[in-house]
Amino acid sequence: MEQTISKNAKPLQMMKALFLSYAVTGILLLILAFLLYKMGLRESQINLGILVIYIVSCLVGGFYMGKKAENRRFLWGMGAGSAYAVLLWAVTFFTEHQTGRDLKENLLMFFLCLIGGTLGGMLS
């Protein structure tokens, strides 16, 4: 009976991990916007900041999923990172009606999110 409950709780935990990841993303983007306003950052610095935000957000979500999973924590973290990347791509696609990036940037974003989530799961 407990095994069934724990299997049914995984999608809910994944949604919580994604919500946590996107909350961290929002906070870090506000900080980046403040730094842009106060310091006048260049475009390359902003792009680097966004990539770091992807990694940190997925790391937090992967860490959360790793803490909630009993075994194979890195796989649950990897799942959280890839779900973050897919949801990010889907929201971009549906709001802009195009992918908005070339294939190289999409793959970079996906693998950074995957690595961040996996690392978070491993550190949990």
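Reply: What follows is a set of questions about the terms used for this structure, each with its answer.

Me: How do you know what confidence the protein has?

Reply: This is a predicted model, in which local features need pLDDT of at least 70 and side-chain atom pairs count only at pLDDT 80 or more, while totals for chains, interfaces and linings use all residues. Residues are numbered from 1 along each chain as its sequence is written, and side-chain values use heavy atoms, with hydrogens and water left out. The pLDDT, which is the predictor's confidence in each residue from 0 to 100, averages 88 over the protein, and 91% of the residues score at least 70.

Me: What makes the secondary structure of the protein α-α-α-α?

Reply: Helices (H or I, at least four residues) and strands (E, at least two) are DSSP runs, numbered from the N terminus. The protein has 4 helices and 0 strands, and from the N terminus on its elements therefore read α-α-α-α.

Me: Why is the count 0 disulfides?

Reply: A disulfide is a pair of cysteine sulfur atoms within 2.5 Å. The cysteine sulfur closest to that of cysteine 58 is in cysteine 113, at 3.5 Å, which is too far for a bond, and by this rule the count comes to 0.

Me: Why is cysteine 58 called buried?

Reply: Buried means under 20% relative accessible area, exposed over 50%, and partly exposed in between (1.4 Å probe, protein chains only). Cysteine 58 has a relative accessible area of 1%, so it is buried, and cysteine 113, at 0%, counts as buried too.

Me: What makes the crossing of H2 and H4 right-handed?

Reply: A crossing is left-handed if the near helix is turned anticlockwise from the far one by less than a right angle, and right-handed if clockwise; the crossing of H2 and H4 is right-handed. The contact (heavy atoms within 4.5 Å) is made by residues including Cys58 and Leu59 of H2 and Leu112 and Cys113 of H4.

Me: Why is arginine 72 called exposed?

Reply: Arginine 72 has a relative accessibility of 59%, and because exposed means over 50%, it counts as exposed. Arginine 72 lies in the loop between H2 and helix H3 (73-96), and it has a positive phi of about 50° although it is not a glycine.
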